Number of protein chains: 2
Amino acid sequence: MPKFKMPPPHGGRLVERVVEKRDVAEKMAAGAIEYELKPTTDPKGVPIRHVYREIISVCYGFFSPVEGSMTSGDLERVLKERRLENEWVFPYPILFDISDEDLKALNVSEGDRLLLKLKGQPFAIMDVEEIYKIDPKDVATRTFGTPENNPEVVRQPFDEKHPGWMIYRCMHPNVIAGKWTIINPPKFREPYDRFWFPPRKCREVIKNEKKWRTVIAHQTRNVPHTGHEMLMKCAAYTGDIEPCHGILVNAIIGAKRKGDYPNEAILEGHEAVNKYGYIKPSRHMVTFTLWDMRYGNPIESLLHGIIRQNMGCTHHMFGRDHAAVGEYYDKFATQILWSEGIPSFGFEAPPNEVDYGLKIIPQNMAEFWYCPICGEIAYSENCGHTDAKQKFSGSFLRGMVAEGVMPPKVVMRPEVYKAIVKWWKVFNYPFVNNKYLEYINKELEIDLEPMEIPKA
Amino acid sequence: MPKFKMPPPHGGRLVERVVEKRDVAEKMAAGAIEYELKPTTDPKGVPIRHVYREIISVCYGFFSPVEGSMTSGDLERVLKERRLENEWVFPYPILFDISDEDLKALNVSEGDRLLLKLKGQPFAIMDVEEIYKIDPKDVATRTFGTPENNPEVVRQPFDEKHPGWMIYRCMHPNVIAGKWTIINPPKFREPYDRFWFPPRKCREVIKNEKKWRTVIAHQTRNVPHTGHEMLMKCAAYTGDIEPCHGILVNAIIGAKRKGDYPNEAILEGHEAVNKYGYIKPSRHMVTFTLWDMRYGNPIESLLHGIIRQNMGCTHHMFGRDHAAVGEYYDKFATQILWSEGIPSFGFEAPPNEVDYGLKIIPQNMAEFWYCPICGEIAYSENCGHTDAKQKFSGSFLRGMVAEGVMPPKVVMRPEVYKAIVKWWKVFNYPFVNNKYLEYINKELEIDLEPMEIPKA
């Protein structure tokens with residue numbers, strides 16, 4: 001068995017569509033048709049997705065080889081086979097949707113250049129390749145599957161209660177396809193800035209600074225309890241001839257739901273794990289990717305694999321109910337995908353064994369619980385004391401935090417709790433509430449420098 | 001990456017040289033020249049090796065592809081390149097040595113058949129292929145290496161204080177080479193009998209009963225403390241797309257030293273780990289192999305790899321100071337061998353990457369300690385609380401046991417301690433002492449049924 005090394009980016013090369021030089025950027029945007037980006041909103045008008053997050057993830061290469069909003073050909077192939085027209089596996093439609101009114105007002109057609117603005121400033125340009133109509137409800141349903149069409153893993157029909165389905169459902173019926181290019185690189189605010197490792201930088205840090213040959217990715221959108229920490233530590237014992245050299249935490253930062261922890265607490269909570277020596281910084285680093293989570297369990301796991309392969313990881317850990325909400329999917333759906341494949345989604349074999357597939361290696365993990373007899377956080381495949389087991393309960397833990405009670409050390413590291421408290425003081429509440437939602441939807445994670453585009 | 005499956009036996013096929021049919025056995029032994037097996041003894045007359053253990057391990061296939069006592073050609077190649085004349089990697093000389101007096105009295109020559117007796121009963125036959133002289137001291141030194149010839153890993157010259165070197169040093173100067181065949185299968189006494197899984201049986205149990213696709217081997221000659229248990233559990237998270245399905249504990253049972261735990265406590269101590277649910281029996285099994293340990297660190301690790309590959313394991317865990325005594329070898333010698341190779345011992349690459357090498361995959365592990373801040377047995381590559389760490393000390397633990405103190409749960413499982421106490425009561429002492437040595441050297445681990453060989 002040869003030793004593993006950093007896999008190439010998905011699709012063979014890293015997409016990088018960020019213009020750093022101001023004069024070049026101004027020239028490229030000159031004369032383009034301006035359009036201020038708007039969030040996708042649910043029927044009540046609440047923002048549930050911000051397309052700028054997809055633009056950033058695409059242009060910095062997190063989603064390589066995707067380069068922009070998909071053409072109708074790409075969209076159809078993704079929905080049918082989870083592949084782009086160039087054959088490479090990709091799970092989700094990436095779409096720049098626009099309302100009838102805005103499309104009419106813009107009056108664009110193929111070959112035009114759009115200047116996309118954010119927070120009132122020039123942000124990115126987009127070369128229009130195609131303008132086409134979609135049926136948002138149909139796209140939503142085909143994105144996630146149905147019990148009839150995907151009997152291997154879909155257990156109930158997707159509906160309005162599923163936040164990912166709602167994102168596609170609430171899109172406008174027009175799509176502008178075309179490649180995106182960022183012309184005004186975003187400035188991440190604190191504390192995001194110190195966790196910002198886009199793929200090229202991340203690969204450089206892994207290779208030259210951390211000097212990790214093997215790296216396992218950990219998906220998160222939570223403040224870590226000790227069960228998460230144990231999952232990370234144990235999954236990382238995989239590798240080749242020795243445990244993985246590094247653990248890369250990659251938080252998905254995007255649309256928030258009430259009761260979530262604030263982004264800031266999530267990032268600094270994970271940072272506390274290495275800062276306070278539970279997993280040394282020489283083996284652990286915290287990063288994030290912008291994406292309004294679709295909660296697509298196996299479908300989402302493909303995106304996670306692509307993102308982390310692009311960031312330079314050799315392995316990816318997958319637990320039960322990976323990126324899941326509700327009981328739409330089988331709780332093992334992701335692990336079924338990565339151990340056998342799911343033919344109805346286009347995978348006769350696992351995604352890392354098909355042509356034009358991923359190169360990242362899955363580590364499919366079972367469950368962890370606290371066992372008072374073992375006296376430790378035990379792995380379900382080891383611990384035989386099933387009568388004594390105490391499962392981790394995120395809602396119980398949240399309840400404790402809400403009451404201002406510091407959870408016992410065995411459940412949460414005190415320094416992680418302190419990261420929650422720090423941001424609690426800032427936002428006057430430990431969890432996401434309406435006020436936080438208003439704040440984050442207005443301020444976003446980034447600022448853009450003022451930029452003047454010369455009129456054509 | 002393809003999923004792993006059970007590797008073939010080392011050398012391509014399992015050696016099986018055990019005749020079960022009594023009438024066939026009698027026919028084969030008829031007229032053979034009788035010789036009662038004797039232990040190798042040190043200058044004080046203390047037994048330090050029993051050749052019947054090697055005969056059993058060879059004939060049941062633990063040492064495949066070795067089939068008996070080596071010819072001078074095989075011996076020379078093993079000492080020079082750690083390979084047999086048929087090219088397959090093998091680390092140690094396996095020799096049937098005999099004194100000048102006994103050789104003279106036997107009056108055998110090439111082509112003769114020997115009937116080897118044990119405890120007064122017929123045990124095995126041996127077809128004499130070659131009789132040759134050795135210089136035991138030279139064989140001993142070349143077996144383990146020297147700082148001059150093996151500067152990568154040998155730190156000081158081997159001498160009388162090294163029990164493995166002494167085994168070869170104390171051999172007689174004559175070697176009878178030839179294949180062994182057991183004609184009177186040994187009956188293992190309690191509790192050995194329920195841990196006896198020779199390779200064919202072990203492979204069957206793994207495949208058909210346990211249904212493990214991947215299995216990691218754990219080397220032991222100790223009663224397990226929680227540090228050993230944690231090593232097993234953590235190393236077993238390696239695998240391919242999921243953690244190893246099984247953990248195979250393989251105890252090396254052979255020459256004992258004063259202060260060791262008795263064999264019985266070692267086997268039942270490990271059994272307690274699965275019997276009492278710390279690692280479920282569905283994931284953990286305890287076995288043993290007969291071998292008078294040579295303490296050859298990297299050289300011994302090759303034998304361990306061969307034994308466990310023959311037993312059907314896909315992976316083998318290696319810690320620091322693997323099978324080591326004293327400071328003859330670099331403490332990382334085994335890990336150097338399995339991650340880079342040791343050219344002076346014939347390995348330009350790791351033993352699982354060379355032609356005619358092993359197929360078992362190493363998992364090279366660093367250290368575990370108890371960390372009061374982490375509140376758990378922590379892995380040195382994770383835990384950053386190096387000031388607070390508390391290292392496991394076998395001698396401290398032994399001291400506690402000697403005082404009749406039950407060690408704290410965090411250091412030893414109570415049921416493991418009870419296994420020690422059970423045999424303490426039987427032998428009137430918790431550790432190996434002169435009385436136990438006398439007992440084990442007389443009774444051995446086996447009985448042989450009475451058997452009459454017809455005179456020719």
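User: In what order do the three strands of the open sheet in chain A run?
Analyst: In this predicted model, local features need pLDDT of at least 70, side-chain atom pairs count only at pLDDT 80 or more, and totals for chains, interfaces and linings use all residues. Strands here are DSSP runs (E, at least two residues) numbered from the N terminus, and two of them pair if DSSP finds at least two bridges between them. The edge strands, each pairing on one side only, are β17 and β18 (390-391) of chain A. The pairing is antiparallel, and the order in chain A is β17-β16-β18.

User: Which residue of β18(A) is the bridge partner of A:Trp369?
Analyst: Strand β16 (residues 368-371) of chain A is joined to β18(A) by two bridges, and the two run antiparallel. In β18(A), the partner of A:Trp369 is A:Lys391.

User: How much area do chain A and chain B bury between them?
Analyst: The contact, meaning heavy atoms within 4.5 Å, takes 41 residues from chain A and 42 residues from chain B. Buried area is the accessible area (1.4 Å probe) that two parts lose on being put together, summed over both. Of this area, 46% is on carbon and sulfur atoms, and the total is about 3400 Å².

User: Which residue of chain A forms a salt bridge with B:Lys233?
Analyst: A salt bridge requires a side-chain nitrogen of Lys or Arg within 4 Å of a carboxyl oxygen of Asp or Glu; side-chain values use heavy atoms, with hydrogens and water left out. Across the interface of chain A and chain B, four salt bridges are found. For B:Lys233, the closest N and O atoms are 2.3 Å apart, and the partner is A:Glu376.

Definitions and conventions: Residues numbered from 1 in each chain as written. Chains lettered and ligands numbered in written order. Helix = DSSP H or I, 4+ residues; strand = E, 2+ residues; numbered from the N terminus.
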